[in-house]
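This report goes through one structure, heading by heading. Look at the sequence and the model first, then read on.

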Amino acid sequence: MISKKLEDAINSQINKEFYSAYFYLAMSAYCSTKDLDGFANFFYVQYQEETSHAMKFYHFVLDRGGNVVLTKIDTPPADFKSPLDVFERTLEHEQFVTKSINELLDLATKENDHASASFLKWYVDEQVEEEATVTKLVNKMKLIGNDIGGLFIIDNELKARVFTPPAVK
Ligand code: FEO
């Protein structure tokens with residue numbers, strides 16, 4: 001059985017994951033309005049991934065005999081400065097999520113909750129991958145600067161991203 005403290009912390013993380021999904025869906029919509037279909041696809045897949053992260057936590061809480069408490073999701077920004085701004089804000093957000101996951105693992109470790117610690121390691125690894133992917137994209141965007149040709153090459157690359165659902169249960 002999960003402790004009340006960890007249950008509360010994971011419920012709060014479920015909200016953060018759903019906010020992340022919302023945040024990336026807003027970015028996908030912004031990219032669509034700029035006709036950057038590859039960028040829009042990248043963020044749409046990211047939206048799907050974040051939803052699956054939330055659902056993985058959801059099932060874990062239930063499997064451990066806890067209660068899922070869903071709370072209000074904040075409104076994400078509706079506008080962004082540029083495609084580079086979108087990726088910079090994504091990186092900043094993912095760093096915030098990484099910190100939050102690390103705090104959850106610290107709490108599980110402190111409570112000697114081995115099941116939660118083992119479960120949370122999947123998220124630790126996922127965050128390494130997410131930060132690396134987005135850092136690379138921020139750097140590429142900085143390299144191309146105002147080169148429209150470069151922007152279209154990246155847009156084309158991002159069209160290839162597909163959602164591979166992780167096991168959520
Ligand atoms: Fe669910 Fe992008 O972290």
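At 28% relative accessibility, R89 counts as partly exposed. The terms used here are these: buried is under 20% relative accessible area, exposed is over 50%, and partly exposed is in between, with a 1.4 Å probe and protein chains only. D85 counts as buried, at 10% relative accessibility. D85 and R89 form a salt bridge, their closest N and O atoms being 3.7 Å apart. A salt bridge is a side-chain nitrogen of Lys or Arg within 4 Å of a carboxyl oxygen of Asp or Glu. The two residues are four apart in helix 3, and are therefore separated by about one helical turn. Helices are DSSP runs (H or I, at least four residues), numbered from the N terminus.

## About the model

The model is predicted: local features need pLDDT of at least 70, side-chain atom pairs count only at pLDDT 80 or more, and totals for chains, interfaces and linings use all residues. Residues are numbered from 1 along each chain as its sequence is written, and side-chain values use heavy atoms, with hydrogens and water left out.

## Other salt bridges

How many salt bridges are there by this rule? The count comes to eight. Side chains of opposite charge can pair when their charged atoms come close.

One of the salt bridges joins the side chains of D8 and K4, at 2.6 Å from N to O. D8 and K4 are four residues apart in helix 1, so about one helical turn separates them. D8 is partly exposed, at 39% relative accessibility, and K4 is exposed, with a relative accessible area of 54%. Another salt bridge is formed by K169 and D63, with the closest N and O atoms 3.1 Å apart. K169 lies in the segment after helix 5 and D63 in helix 2, so this pair ties together parts that are 106 residues apart in sequence. K169 and D63 are both exposed.

## Helix 5

Which residues of helix 5 are buried? In this helix, residues 148–158, they are G150, L151, I154, D155 and L158. They cover an arc of only 140° around the axis, which puts them on the same side of helix 5. The arc is that of the directions from the helix axis to the C-beta atoms. An α-helix has 3.6 residues a turn, so residues three or four places apart point the same way.

The cover over the buried residues of helix 5 includes helix 2 (37–63), helix 3 (83–110) and helix 4 (114–144). At the N-terminal end, D147 caps helix 5, with a side-chain oxygen 2.9 Å from the backbone nitrogen of G149.

## The nonpolar cores

A nonpolar core is a set of buried Ala, Val, Leu, Ile, Met, Phe, Trp, Tyr and Cys residues joined through side-chain atoms within 4.5 Å. The largest one has 23 residues, and F39, F43 and F87 touch the most other members. Helix 1 (4–33), helix 2, helix 3, helix 4 and helix 5 each supply at least two residues of this core. The largest share, six residues, comes from helix 1.

What does F87 touch, not counting residues up to four places away in sequence? Its contacts (heavy atoms within 4.5 Å) are F39, F42, F43, V134, L137, V138, M141 and L158. A second, separate core has 18 residues, among them F60, L104, A108 and A117.

N15 is in helix 1 and is buried, with a relative accessible area of 17%. Leaving aside its neighbours within four places in sequence, N15 is in contact with T71, K72 and I73. A polar atom of the N15 side chain lies 2.8 Å from the backbone oxygen of K72.

S28 is also found in helix 1. S28 is buried, at 6% relative accessible area, and touches A40, F43 and Y44, not counting residues up to four places away in sequence. L91 lies in helix 3 and is buried, with a relative accessible area of 15%. Neighbours within four places in sequence aside, L91 is in contact with E131, V134, T135 and V138.

## Helix 2 and its end

At 1.5 Å a residue, the 27 residues of helix 2 should span 39 Å, and its end C-alpha atoms are 39 Å apart, which agrees. The expected span is 1.5 Å times one less than the number of residues. Just after helix 2, G65 takes a positive phi of about 80°.

Key. A polar contact is a pair of N or O atoms within 3.5 Å; within protein, one must be able to donate a hydrogen and the other to accept it, and residues adjacent in sequence count only if both atoms are side-chain atoms.
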